[in-house]
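Morning, everyone. I have one structure to show, and I'll keep it short. Please look at the screen.

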Amino acid sequence: MNTVSKNMSLINYLKKSGFIKTKKVEDAFLNVDRSLFVLPQHLDEAYEDKPLPIGFGQTISAPSIVAYMTELLEVDEGNKILEIGTGSGYQTAILSYLVKERGLIISIERIRELSEMAYKNLEKLSLYKNVKLIVGDGSLGYEEDKPYDRIIITAATPSIPNFINTQLKNNGIAVLPIGTLDEQRLAIIKKDEFGKIEIHYDISVIFVPLIGYYGFKLSNDKTN
Ligand code: SAM
């Protein structure tokens, strides 16, 4: 099977299992081939529905969770999105495709080498023009480009960080995994037109930790 057929069968599985619900998210998956974002030694597993190591103890998320979170985010063309946890850049690429040229993705990663790898991965698809990659502590959000239409955190977060309230636009949506190091629930936070916040907790997930000021403090982490 060639890569296009392998990607098609992954997409069919994601649709059948209910992770991909809309045509626009399906189109994004058709145009963003996951094999461009995995390490060479994991190429033969690129279309399997599981997280894979990307170095530095971090992972590219499973396609099903990327699809599921993207659907929850209800991305519109032209949106300005803050993403915390760039990793391989796979989720970034899906979002970049969805917001098109008028939109902007600001994606923060704490590990410089991963941010640089993500840039090279995004370049392969020419999806870097509406993406701004930042190296830093995303647990503080990113004041410079606020407010955001959408915010997504792809690392386990101990509690809802303060910046969600102050940096999310009215009528905005944020999706993030909240919980312990062992298990989290996906939180969907919606701000209405008056700025009132509603939080809904969805499925259980397991992410690598958000490490930083409003994240987890790991004892062996020298950056905290
Ligand atoms: N969405 C990514 C992808 O598609 O490859 C996977 C993200 S990975 C599960 C989580 C990422 O969050 C890791 O790359 C990790 O280094 C990063 N991270 C952890 N704490 C962070 C912080 N405070 N600020 C920014 N990035 C952080």
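Which backbone atom lies 3.4 Å from a nitrogen atom of the ligand? A backbone N or O atom of glycine 136. That is a polar contact, meaning a pair of N or O atoms within 3.5 Å.

A word on the source. This is a predicted model, where local features need pLDDT of at least 70, side-chain atom pairs count only at pLDDT 80 or more, and totals for chains, interfaces and linings use all residues. Residues are numbered from 1 along each chain as its sequence is written, and side-chain values use heavy atoms, with hydrogens and water left out.

An N or O atom in the side chain of aspartate 137 is 2.9 Å from a ligand nitrogen. The protein buries 100% of the 610 Å² that the ligand exposes when taken alone; those areas are Shrake-Rupley, with a 1.4 Å probe. On the oxygen side, a polar backbone atom of glutamine 91 sits 3.3 Å from a ligand oxygen.

Now the shell. There are 26 residues around the ligand, counted when a heavy atom lies within 4 Å. Among those that come nearest are Ser88, Glu109 and Ile211.

Last, salt bridges: a Lys or Arg side-chain nitrogen within 4 Å of an Asp or Glu carboxyl oxygen. The structure holds 11. One joins aspartate 76 and lysine 24, at 3.4 Å, N to O. These two residues are 52 residues apart.

How values were computed
A polar contact is a pair of N or O atoms within 3.5 Å; within protein, one must be able to donate a hydrogen and the other to accept it, and residues adjacent in sequence count only if both atoms are side-chain atoms. Helices (H or I, at least four residues) and strands (E, at least two) are DSSP runs, numbered from the N terminus.
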